[in-house]
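Please look at the sequence and the structure shown here before reading the report under them.

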2 protein chains.
Amino acid sequence: MTQPGSVGIVAPQRARFTEPLPLRSGGRLDEYELVYETYGQLNAARDNAVLVCHALSGSHHVAGTYADQPDNLGWWDNLIGPGKPLDTRKFFVIGVNNLGGCHGSSGPSALNPATGRRWGADFPFVTVEDWVDAQARLMDQLGIERLAAVVGGSLGGMQALSWTLQYPERVRHAAVIASAPKLSAQNIAFNEVARQAILTDPDFHSGHYYDHGVVPARGLKLARMVGHITYLSDDSMGEKFGRSLRHGKAVYSYDVEFEIESYLRYQGDKFAGFFDANTYLLTTKALDYYDPAFAHGGDLAQALAVASARFLVVSFTTDWRFAPERSREIVYALLHNQRAVSYAEIDCPAGHDSFLLDDPRYHGVLGAWFDRIEVR
Amino acid sequence: MTQPGSVGIVAPQRARFTEPLPLRSGGRLDEYELVYETYGQLNAARDNAVLVCHALSGSHHVAGTYADQPDNLGWWDNLIGPGKPLDTRKFFVIGVNNLGGCHGSSGPSALNPATGRRWGADFPFVTVEDWVDAQARLMDQLGIERLAAVVGGSLGGMQALSWTLQYPERVRHAAVIASAPKLSAQNIAFNEVARQAILTDPDFHSGHYYDHGVVPARGLKLARMVGHITYLSDDSMGEKFGRSLRHGKAVYSYDVEFEIESYLRYQGDKFAGFFDANTYLLTTKALDYYDPAFAHGGDLAQALAVASARFLVVSFTTDWRFAPERSREIVYALLHNQRAVSYAEIDCPAGHDSFLLDDPRYHGVLGAWFDRIEVR
């Protein structure tokens, strides 16, 4: 057994779709593109593909680095690679940037083929279900009829869950990590604050800021700051920053005094420097709307009856954004339907962000689960 | 026994101070004014006075209504009045708007006597300790040498605690409700998001927006929205609003869709319509700075050794802003010093805001505690 390694240098690929995609909002995309990456080899039986779905700020760049950006590590690189829990010697792993994203797939910051100008606010609302539809078409292009597994954390977990409901016959296993069957009022409230920060930024220009040569950086920074608070646990924030004062004492200023302020501003500025505000808006709405039980009068068990995949559900004790109770709702609904589901509640101090970390128990659970998936 | 009643129509009073007040920030106020209200009668022994300290958005208007504003009920009117837990037939109750406030006391939106213009950003930073100093001088003016009790919730609880440390001989009893001995990193983080929302609002004009005929309403609205989320519990927000959609279904718009969005925007707009942004900034900094244990190497028991008051500490099970653990820190530190302390952890679903509500167990505990306070 060799040491777990990296998938190495990777390169994004681009798929083009010309068959119109109907959207849940009532609109449609006549044509669109998806950027994706793959790691490992699709086997001859074409039965070893694992789709990785990304969360709010993720992308198709899930593992490895780029030749010209050696420090640009994929966001789940600790999980994916030869000898890692999601082992690329066994699996063909696919990462895809969702529709409406800002990392190369068709989205508000991309050109609208109908006008030759950037979509901006004219890009249609997209839902988790729309994303899954688009991902399924990408699987068609790649010649993958049935996924060995679909896996995702947070909003990515919602996509994994939705795959098992929209295309039950096309997904053998699903890992739903640090996720929820729908947002709570508090979750929506945080998203709404983030949206209001962006929408009321004078540089937002009704979503057509590209045409004005500006970006609503103030709003996007605030949105990220408030989001970031919900990704960490109170305890982990306390352990990491506590009440440490940059100058050792109060200096009575609105500049950075407490280290936590410095951290949040840095995270906000960094994010505002590369992420698209319209994508942030669209993505928070996709989160808000997701509620597979809605069409079943709120009965999640009824909504999940159609699923046939074998599930792994993982939650983290200190995650207060999507607390373990929310994962258990999914587990109970699956058990009600006598579906195969393993559930792990990991005692990790890092809050919602735990799903991105490599806690050994967490990765142990994932590794064992992927190991048991049969491929030819 | 008559039905509990109202203190009726009240009128604010104004006290003027011309002896300079040194501030913890190193600055000082050469002269200043405090607006206050009183309910009940100071007895001949002058030993029945209870000072009520307000939290972030409170004021001196604690009970009763105004003759010209019959709907403007004091913020703790459910607690204070004849026959109520804090019974004005027995006690002389005082509410005071803190320094730096925006309800009539000297603050950023008041005139700077030195310039004849509004203070704006030139108003000095004030701390919990400064507020208590100013309140003590008001007690001097009112001829109250020793308070029967000082009481406050949240930031008001910090002032009550600070009274017992700064003027231990002047306060017989202290009620510290839904409070904490200091903010956590997460608490500071939320405050910092609120401040950045205000500070980066183009209408802020470095705090001198009064001179520009504008107010940073967008920033203040966002600040209030994010604050409001932390005042409610996840469960109470869920019960109150859930995922109710205004139009019964998703309409794919950034206008209000979920009822929780409507509520938050309404709360934000209302607040931005009457509260001063500079006061909000100053007050969040006062919260962040408060840490009586800091001068004692973080040893809260050592910091509280000087206190001699009899304490009541109250927390609420669903309060995640200042969780019961934070109140227990105060209780343990007092017990370590063998001080008299009663502690009640109230199982109330409403989160941090519970301290403003009239949960019968909560008011029962308060009423019994006030009943036991001896006055001549």
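## Basis of the model

This is a predicted model, in which local features need pLDDT of at least 70 and side-chain atom pairs count only at pLDDT 80 or more, while totals for chains, interfaces and linings use all residues. Residues are numbered from 1 along each chain as its sequence is written, chains are lettered from A and ligands numbered from 1 in the order in which they are written, and side-chain values use heavy atoms, with hydrogens and water left out.

## Helices α3 and α4 of chain B

In chain B, the axes of helix α3 (residues 185–199) and helix α4 (residues 217–231) come within 7 Å and cross at roughly 165°. Helices here are DSSP runs of H or I with at least four residues, numbered from the N terminus, and axes are lines fitted to C-alpha atoms over the stretch in contact, with angles from 0 to 180 degrees between N-to-C directions. The angle makes α3(B) roughly antiparallel to α4(B), since angles over 145 degrees count as roughly antiparallel, under 35 as roughly parallel, 65 to 115 as roughly perpendicular and the rest as oblique.

Contact means heavy atoms within 4.5 Å, and among the residues that make it are F190(B) and A194(B) of α3(B) and L220(B) and V226(B) of α4(B). The residues of this contact divide into eight nonpolar, two polar and no charged; Ala, Val, Leu, Ile, Met, Phe, Trp, Tyr, Cys and Pro count as nonpolar, Asp, Glu, Lys and Arg as charged, and the others, Gly among them, as polar.

## A pair across two chains

The axes of α3(A) and helix α6 (residues 259–274) of chain B come within 9 Å and cross at roughly 55°, which makes α3(A) oblique to α6(B). Residues of α3(A) including I188(A) and E192(A) meet residues of α6(B) including L264(B) and R265(B). This contact has six nonpolar, one polar and four charged residues.

## Helices α1 and α2 of chain B

Helix α1 (residues 128–141) and helix α2 (residues 155–166) of chain B pack at an angle of about 70°, with their axes 9 Å apart, and this makes α1(B) roughly perpendicular to α2(B). Their contact includes W131(B) and M139(B) of α1(B) and W163(B) of α2(B), and its residues divide into eight nonpolar, four polar and two charged.

## The largest pocket

The largest pocket is lined by 41 residues, of which Q186(A), W320(A), A323(A), D234(B) and W320(B) lie nearest its centre. Elements that give two or more residues to this lining include α3 and α9 (324–336) of chain A together with α3 and α9 (324–336) of chain B. A pocket is an open set of points on a 1 Å grid over the protein atoms alone, where a 1.4 Å probe fits and protein lies on both sides within 12 Å along at least five of seven lines, and lining residues have an atom within 4 Å of a point. By class, the lining has 10 nonpolar, 14 polar and 17 charged residues.
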